[in-house]
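Trainee: I'd like to learn how to read charges and symmetry in a model like this one. Could we go through it together?

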Number of protein chains: 4
Amino acid sequence: MDDIEIETVAEPALRDPALVEGLPGVGHVGKLAAEHLLEEFDSELVARVYADEFPPQVGIDDDGVASLACAEFHAVDAGERDLLVLTGDHQAQSHSGHYHITDSFLDVAESFDVGEVYALGGVPTGELVDEPDVLGAVADADEIEALEDAGVEFREGEPAGGIVGVSGLLLGLGGRRGLPAACLMGETSGYLVDPSSAQAVLEVLEEVVGFEVGYDSLEERAEEMKEVAEKIQEMQSQQQGMPTDDDLRYIG
Amino acid sequence: MDDIEIETVAEPALRDPALVEGLPGVGHVGKLAAEHLLEEFDSELVARVYADEFPPQVGIDDDGVASLACAEFHAVDAGERDLLVLTGDHQAQSHSGHYHITDSFLDVAESFDVGEVYALGGVPTGELVDEPDVLGAVADADEIEALEDAGVEFREGEPAGGIVGVSGLLLGLGGRRGLPAACLMGETSGYLVDPSSAQAVLEVLEEVVGFEVGYDSLEERAEEMKEVAEKIQEMQSQQQGMPTDDDLRYIG
Amino acid sequence: MDDIEIETVAEPALRDPALVEGLPGVGHVGKLAAEHLLEEFDSELVARVYADEFPPQVGIDDDGVASLACAEFHAVDAGERDLLVLTGDHQAQSHSGHYHITDSFLDVAESFDVGEVYALGGVPTGELVDEPDVLGAVADADEIEALEDAGVEFREGEPAGGIVGVSGLLLGLGGRRGLPAACLMGETSGYLVDPSSAQAVLEVLEEVVGFEVGYDSLEERAEEMKEVAEKIQEMQSQQQGMPTDDDLRYIG
Amino acid sequence: MDDIEIETVAEPALRDPALVEGLPGVGHVGKLAAEHLLEEFDSELVARVYADEFPPQVGIDDDGVASLACAEFHAVDAGERDLLVLTGDHQAQSHSGHYHITDSFLDVAESFDVGEVYALGGVPTGELVDEPDVLGAVADADEIEALEDAGVEFREGEPAGGIVGVSGLLLGLGGRRGLPAACLMGETSGYLVDPSSAQAVLEVLEEVVGFEVGYDSLEERAEEMKEVAEKIQEMQSQQQGMPTDDDLRYIG
């Protein structure tokens, strides 16, 4: 296997496609949003990216069949336009690795004639948020107006410390390739997977990109998470400590 | 020395060979199993793999002669078929390193016309197990039936977290090369080297691959380990703490 | 993006230019000094260096526009001569990375016919210093006299442990390329950003390189820092602990 | 600068040269021994090795002149034969880095027609040793006899855990190049730099290689270290704690 290997599975011609990235991150907001799109629309796996930058492991499905760590691209029929949705279970394991795999992701996107890039994620507020706002960052100032019209908030000094990882590099490297690129970040506590933050981000994306999607399953999960959050607040008032990442996965 | 260097020592033609991997891991199950095959059958060293991915060290034998960290391939006459047995004392020292050395291992296997791959290891249960089951994972669903017939258990959700390291990558990368590949994992506590788990795994391998081997030496070691385990349980009821890796090596 | 990518933005012919490096370091002395030159003189961005050695992130400006982590070179009209000023927000993330990016910085410097190199920084004394001296180190003994005449102190055994990072490598690698190179280090506590140490270093640089600059803004900041330092000394006499890096950034 | 760069300073023809390695390690035994040879005999700097594997830093001499981290080779006139002595202040900073720089060291050795390799070091015993033995390890069993005749001890199971770092790799990689190679390790506490262990190692080397050297300066230092060791034993009986690496450097 090459250090980074792109496996092309299908090569459909996509209609004015936008890249939508939802890799694991804060509150799993981007991941939930991207996976929701794959559940709600017809989609087709078009490419996988393998890399020595991913953890050296295989996942095992319910039948016992192994699959090598990878990122996946699905072509999604979203009505008027197509989306190229990027999902996965892993981030790169080294700093320089993030640069290399993001370059590959953009290569795949360009091979499908993607015209704009949306990186979805969460921005941690440190506390539970009832009605999460969606904050934004862009590769080029031209993109701000349309996003503000769709409800995205651009707040001076936020996100503090910039944006780290693939989402940030999609803006930085995408911008350097001349691709319009934006990062949409739903406010979230940072402690739990957050389906209502994922929904807030998707509602913005619907308007900006031009598609319509239902939210029943995300709303159900949001209700469940509300109950979990209440239980955790009880736990906390009894003892010290935040839920760990393991708790978060178990809960999610 | 190249970053990864394959040293071919002999090039016998092997009869319908299967690769059997037993590098260090949980409970040293795979390592014990592979080393048992080398003790019980006639074998011949055919190749070594050196790599800057291995720890920068030499081992010293009882006479004071040094040998560079490496993995070894032995051709084993197992009766009806030959086995290509992969052993060693070290795993790669970096995440990406696991990918690179596993690719080399598969290159060596293919150079000997290996037709199927078996990665042997342990799955930690957290407690001493009297009659260890052997769990399985495969590169392709086709392989499941024959393994279940040989007594392998495929349990949904196990192993939790997938399979990490060379064993997992032999499935992932072997599968991508079109090689049938399976991981056989004996249940083990995770605290001690486990000869009876190694025996359970070999009993499955015997049936799946088609050979016969005796178990006297492994059964002796299993008896010794039983006594050690009892001593440790006494120690534990007196004080805090699990045996450390150093204890485990001393015991093993 | 290549592993290290030099983006040439403009190619003015510079008059007997000297490279002046001010990347983040102890007390941000070099950074403050370099940024002061960019504020006080006319300057023009001439090159950026991107690298997978920098943290995988984008900074976001006040409007929400992202920019990829990079180092920047500005051509500065300093009167009689031009300066090529190197600034940035990040250092390399790996040991070998420092070598690679410093080589690139010297490549850029040589492409602009730079004839001498000045690395600016701080040397931590562990306590607040009223009138900071400027210590020196050079690539070649020939350079010492002129620097001593300008007030630089060469003290045996200082800096203890040599000079680590880009500043040190500019001396080591610059020297090996035959470039006169010197490191000017203002004494500083190491706890706070230090505008008066930056001023001390610039006063030496003025004399050695041959330019004149005003210090009003740095003197104002030094006054502010004095008040902050007094508050911190009060805090310390009440409780344990030095300000953290986060405090330092907030204060700075 | 290339990732590893060999700078040839002089190219004298050496008489039946042996490589003698003394890089920093346990008790600085090898380093002291190698530096003693450079003090006692006529020597000439013949090569330097720079590498991005070394720490990214410059050392500063007493005049303030910087020099890039490197390893040095000196040709030493030891009477009947010449020695090629390898010294330095740093080890590689990464595991794979040790392989790469040791390969370069062997390249330099072979360019000077070195016929045998001696890696000098210490083996930690955990306690102060009055009359240190010299333990040995070899690349090939043929070498054992001559070393035993010179007083080297080959003890089964020692050194425990093999030999890590450049010394071990000189045996492993040197052996694979067909070079006779031996590691001579003086017993030492591991807490202090140990001039008498260095002397014990040199006394063996004298006999094996065929030269004669005086030991006055090492014996003086050994006396000083004895006093220091006594003071530390007093300190220890008063309080908790071993001297730190900083103490060790201060003491050494």
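Mentor: Buried means under 20% relative accessible area, exposed means over 50%, and partly exposed is in between, using a 1.4 Å probe and protein chains only. This is a predicted model, so local features need pLDDT of at least 70 and side-chain atom pairs count only at pLDDT 80 or more, while totals for chains, interfaces and linings use all residues. Residues are numbered from 1 along each chain as its sequence is written, chains are lettered from A and ligands numbered from 1 in the order in which they are written, and side-chain values use heavy atoms, with hydrogens and water left out.

Trainee: Which class does D:Glu72 fall into?

Mentor: D:Glu72 is partly exposed, because its relative accessibility is 21%. D:Arg48 is partly exposed too, at 23%.

Trainee: And how do I read a salt bridge?

Mentor: Side chains of opposite charge can pair when their charged atoms come close. The cut-off here is a side-chain nitrogen of Lys or Arg within 4 Å of a carboxyl oxygen of Asp or Glu. D:Arg48 and D:Glu72 make such a salt bridge, with their closest N and O atoms 3.2 Å apart. D:Arg48 is in strand E3 (residues 42–51) of chain D and D:Glu72 in strand E6 (residues 71–77) of chain D, so the bridge ties together parts 24 residues apart in sequence. Those labels are DSSP runs numbered from the N terminus: helices (H or I) have at least four residues, strands (E) at least two.

Trainee: What is the partner of C:Arg48?

Mentor: C:Arg48 forms a salt bridge with C:Glu7, the closest N and O atoms being 3.3 Å apart. That one joins strand E3 (residues 42–51) to strand E1 (residues 4–8) of chain C, 41 residues apart. Both ends are partly exposed: C:Arg48 has 23% relative accessibility and C:Glu7 has 24%.

Trainee: How do I read the symmetry?

Mentor: Superpose the copies by least squares on the C-alpha atoms of residues with pLDDT of at least 70 in both. Chain A can be laid on chain B with an RMSD of 0.0 Å by a turn of 90 degrees and a shift of 0.1 Å along the axis. That's how a four-fold axis relates copies. The C-alpha in chain A nearest the axis belongs to A:Ser94, at 7.4 Å.
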